[in-house]
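Trainee: Could we go through this model together, starting with the overall picture and then moving to some details?

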Amino acid sequence: MGPAEICAERLNSRYTEYKHLKRKHRLLGNARLAGAAVGLAVLWSVETYLPGLTWYAAALLLGGFIYSSVRFSRIESAIFDTGNAVVLYADPVYGFRRNEGPGQTAKDLPVEADHPFSLDVDVVQPDGLFDRVNTAATRTGMQELAKLLSEPVETAVIRDRQAVVKELKSQLDLREDFYLTGLRKVRCIRTDGMLGWASKKAAPVPRWVPAGCLALSSVTLAAAVAAALGTSPLLAGGFGAALLAEYLFWRGISAHRKVPSLEAERFHVDFAELLALVRLLEKQDFEAPLLRQVTQALQSDSGSATQALQRFRRVIAMYEARRNHFVGIFGPLILYETQLALAVERWRAEWSAQLPRWIKALAMFEAYSSVACYAFEHPMHTFPELVDEGPTFRAENLAHPLLGENAVSNSVTLDRERPILVISGANMAGKSTLLRSIGINLALAYAGAPVRSKSMSMSSLAVVASIRVTDSLKAGESRFAAELKRIRLMLDRIRSGIPTLVLIDELFGGTNSYDRYTGAVSLAEYILCLDSALAVLSTHDRNITRWAERNSARIANAHFADVFSEGDMKFDYKLREGPATKGNALELMRLAGLPIREQGVPPTT
């Protein structure tokens, strides 16, 4: 079965289970109400006719109530999981999608405005590649996924990532468990805030402070018990003296009570969710080296991440209990809040250096799992072949992965023999889309994902794109100045010896025709002199395409065409050899209502 059929089958299974659980929930709820009424009647009857059995009957009814409450809670939890699983598989093709929430989409990422290509080729644009791929439950996981998709790496690293994706690709149960576990407490785990808390400078708390708290609280508690059970005034006086000593000690350590651990309470739920995900990950036994590194990072000589996080969860839960009315009354007798705050600080001092490693490991798994989910959903996509010698980029029937099933594919070949492709053609015919298709498929390749191409081979390549450059009133920058910044970045990469693929849309479109032609030819000739750069350049300038034709031994010339018939303009989006021989700008102007006239012909009225 394909992914659509698998998701449909799971959707049906989860939906059936969901309806069954909802029915059990309703029946058990009604049964509890009826049972409560019957139980009270039985208790009244026992008290009336068999008073010696009243406490036994009350205990039995209480036990039944507790048991039914536990069952009711478990059913509600199962309903939550199956309900989210229904949402998970609701789309039979793109099933593994989180409900949009705070900190879960590309708009929540700290985007680098000057990134060489991610904004230009739809990687981190809203509803772009990141949003299509992301299934992470933590903010750090989102950031790691963004890095996978936007940071060029060597072919050896891509091979290792491909091994990870191939291993995780078919593990639907594991991904579903992670998805549901990551939703139970919060919509997105604030690992960035947790790391910020852990990195704070440790508070200087001498060892005698917690020892004094424990000793004085023990003495005060013992004195309180003695005073409550005894009748001697000395016992009451001893209790008063213990309280006074405890109060004076508490006031004396005021500087040590202001510890950063108090901020951990804000992340209590996040830590609980992190614990659940880490516990799930620690149980896995992987084959791929990168995945083994992930699970190994959760272990240390001092213990596992699960053990440490469980300990933290117990301590912080007890600390939160200070708001309980009972604890609020009697807690000060044993310095409850102070002792637990110091306990949280001791945990932070012991484990805060390990926490970033645990979160990083979990985040890397989430990023790999997201890419593997994408691979599962797109069985017709192919893993690129990686070659060590380059620069090389060859793609047969390449298409944009964010477009639908009817997206038109084209083939592109760039290597040392012919490192430049010049694309010309009509407006809206597909030039920009082809450039973005190349860039976004390379982003998928970086992450170890399959690409939307019949076949693709590539060497290690860093992409630098100039596709969405615009002027900026705020920065006082024209479109041409913004494009020059990208050109400078390209040249810096190329001159440093980094194998680079250059993608430029509307080459030097922000200046006059003479300067545009001179600049374009100079850039192309510079690239031709090097062995470390490839380029795809789109242009409307026929002088540039004619120059490329004269250098056809090393520059490929191709174009997109349009057909204008009976007032309708159509495109087939197929790349053809050779330069464009006509444009469609005049026809588009006429369609817009502009009174166009041919040269030498006066306008009609």
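Trainee: How many helices and strands are there in the chain?

Mentor: Keeping in mind that this is a predicted model, the chain has 21 helices and 12 strands.

Trainee: And is the chain spread out or a compact globule?

Mentor: Its radius of gyration is 34 Å, while the globule rule gives 25 Å for 605 residues, so the chain is more spread out than a compact globule. Along the principal axes, the C-alpha atoms fill a box of roughly 120 × 60 × 60 Å.

Trainee: What share of the residues is buried, then?

Mentor: Of the 605 residues in the chain, 46% are buried. As for contacts with a separation of 6 or more, 77% of them are between residues 24 or more positions apart.

Trainee: Okay, at what angle do α5 and α16 cross?

Mentor: Helix α5, residues 155-168, and helix α16, residues 355-377, cross at roughly 65°, and their axes come within 8 Å. Because of that angle, α5 is roughly perpendicular to α16, and the crossing is right-handed.

Trainee: Which residues make that contact?

Mentor: From α5 the residues are R161, V164, V165 and L168, and from α16 they are F365, Y368, S369, V371, A372 and A375. Sorted by class, this contact of α5 with α16 has 8 nonpolar residues, 1 polar and 1 charged.

Trainee: What about α2 and α6, how far apart are their axes?

Mentor: The axes of α2 and helix α6, which covers residues 172-181, are 10 Å apart, and the two helices pack at an angle of about 120°. Here too there is a right-handed crossing, with α2 passing α6.

Trainee: And which residues meet there?

Mentor: On the α2 side they are D81, N84, A85, V87 and L88, which meet E176, Y179 and L180 of α6. The contact of α2 with α6 divides into 5 nonpolar, 1 polar and 2 charged residues.

Trainee: What is phi for E506?

Mentor: E506 is not a glycine either, yet its phi is positive, at about 55°. E506 sits in the loop between β7 (500-504) and α19 (513-528), and with 24% relative accessibility E506 counts as partly exposed.

Trainee: Now T295, is that buried or exposed?

Mentor: T295 counts as buried, at 16% relative accessibility. T295 lies in helix α12, residues 289-296, and, leaving out residues up to four places away in sequence, T295 touches L281, Q284 and F286.

Trainee: Last one: where is E337?

Mentor: E337 is in helix α15, which runs over residues 336-351, and E337 is partly exposed, with a relative accessible area of 42%. Setting aside neighbours within four places in sequence, E337 is in contact with Y319 and R322.

Trainee: And what separates E337 from E282?

Mentor: The two are 55 residues apart along the chain, and their C-alpha atoms are separated by 33 Å.

Technical notes. Residues are numbered from 1 along each chain as its sequence is written. This is a predicted model: local features need pLDDT of at least 70, side-chain atom pairs count only at pLDDT 80 or more; totals for chains, interfaces and linings use all residues. Side-chain values use heavy atoms; hydrogens and water are left out. Axes are lines fitted to C-alpha atoms, for helices over the stretch in contact, and angles run from 0 to 180 degrees between N-to-C directions. Helices (H or I, at least four residues) and strands (E, at least two) are DSSP runs, numbered from the N terminus. Angles under 35 degrees count as roughly parallel, over 145 as roughly antiparallel, 65 to 115 as roughly perpendicular and the rest as oblique. A crossing is left-handed if the near helix is turned anticlockwise from the far one by less than a right angle, and right-handed if clockwise. Contact means heavy atoms within 4.5 Å. Ala, Val, Leu, Ile, Met, Phe, Trp, Tyr, Cys and Pro count as nonpolar, Asp, Glu, Lys and Arg as charged, and the others, Gly among them, as polar. The radius of gyration is taken over C-alpha atoms; the globule rule is 2.2 Å times the number of residues to the power 0.38. Buried means under 20% relative accessible area, exposed over 50%, partly exposed in between (1.4 Å probe, protein chains only).
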